[in-house]
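Q: Please take a close look at the contact between the two chains in this predicted model. Please also comment on how far the partner chain can be read.

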Amino acid sequence: MSDHKDRRNRQDHQEGSYDDEPDEGLLDEGLLDEGRLEQELRQAAAILDPVPDQLLQLAVEAYALHDLDARIAELTFDSLVDAIPVRGATDPPRMLTFQAGDLTVDVEVTGDGLMGQLLPPQPARIEVLGGPRAGAALTADDLGRFTGDAPPSGPFALRLRAGGELVVTQWMRA
Amino acid sequence: MRAGTVPSAAYHDMPYPRGEIVDRAEVGALVQSAVDGDAAAWKALVEGLSPLVWSVVRAHRLSDADGHEVYQTVWFRFAQHLGRIREPGKAGSWLASTARNECLKTLRSLSRLTVTDDPRLLDRVSEESTPEQSLLDSEEAAAQSERIRRLWQEFEKLGDRCRQLLRVLIASPPPSYQEVSAALGVAVGSIGPLRQRCLRRLRARLDARGTT
């Protein structure tokens, strides 16, 4: 609060020049004023546009997603970024490819759900994570194919147990 | 706790030049402790760096729904990669650039869906500001909150570039220029001059409006 009072005082004793030539001279004053203005803006942001509480809470809970045992399958292809849009295709499925070592996870997300393929083909137990809380369970068949009948809403990751190994795909937005 | 409602005294004394406000060594140590299983360290990281992530989301003017998801994605991914981050002291930059990439991806998917590049369509400005004025009863407090509201209005009317830069700069605690650079893809060396120009522009707007 004190800085506002400071600024009022400062303006009182240099009013004319301040209003007439905000960009000229008064170098130190200018820098000071910028610092104060920035600080006031910071205060305004904290009051008018703070991090929503529920988001803060989710980020705190996200600590549970810290999993040293799992290997991360990093995103190597995202149709949103890497594919050239097809003219006329209004709502193309989202194609994602994740890779961890020699395991590849292809995922296709549509409005109807998700479909995937593990390569090399192999059975797996899969959990579709939607956040720090437990997710839906899927199974990949012997050919490595899996389907989920609800599209992930919001951020998701797949947690796979295949061939004695635990792999988690990088967190993505569907 | 909302860091930032209380202005940092050290910062206030040295408005410019500025730099490593959030203690880098401390961030690195917190990351290390979190890797080692210290949930309190993780919480401290979230509290210290959430406003930065949020500011990047807001700087890109995503809708609320998109912004919330980007924010979550960034933190989930950070938790996931926690033990694998090469430079723990730069976790802020990691978060900022991850947030930026996710924001850009979102904007790209929006423009693809709506088949338009018209930025005005993407410009779904935040809902009317809902100041917590009810908390402030006395006249002085009311005047103060009115001032803040006006300041914010003029800030929102700045050009995209300035609004974006300032929105990230005013995260609390103040981000380092490295983090701002990661958040916006702007060279570190140009942040200072841009900041100065944008704050002057804002000051001119406030003066024109007759706001003190």
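A: **The contact between chains A and B**

In this predicted model, the contact draws 49 residues from chain A and 55 residues from chain B. On the side of chain A that touches chain B, two or more residues come from each of helix H1 (2-12), helix H3 (27-48), helix H4 (53-61), helix H5 (79-82) and strand S10 (172-173) of chain A. Of these elements, H3(A) gives the most, with 18 residues. Sorted by class, this side of chain A has 29 nonpolar, eight polar and twelve charged residues. The model as a whole scores ipTM 0.81 and pTM 0.80.

Where pLDDT is low, the predicted coordinates should not be read in detail.

Within chain B, helix H3 (residues 39-59) packs with helix H4 (residues 64-81) at an angle of about 145°, the axes being 10 Å apart. The crossing of H3(B) and H4(B) is right-handed. H3(B) contributes B:Val53, B:Trp54, B:Val57 and B:Arg58 to this contact, while H4(B) contributes B:Gly67, B:Val70, B:Tyr71 and B:Val74. By class, six nonpolar residues, one polar and one charged make up the contact of H3(B) with H4(B).

Technical notes:
Residues numbered from 1 in each chain as written. Chains lettered and ligands numbered in written order. Predicted model: local features only at pLDDT ≥ 70, side-chain atom pairs only at ≥ 80, totals over all residues. Axes fitted to C-alpha atoms, helices over the stretch in contact; angles between N-to-C directions. Helix = DSSP H or I, 4+ residues; strand = E, 2+ residues; numbered from the N terminus. Left-handed = near helix turned anticlockwise from the far one by under 90°. Contact = placed C-beta atoms within 7 Å. Nonpolar A, V, L, I, M, F, W, Y, C, P; charged D, E, K, R; others polar.
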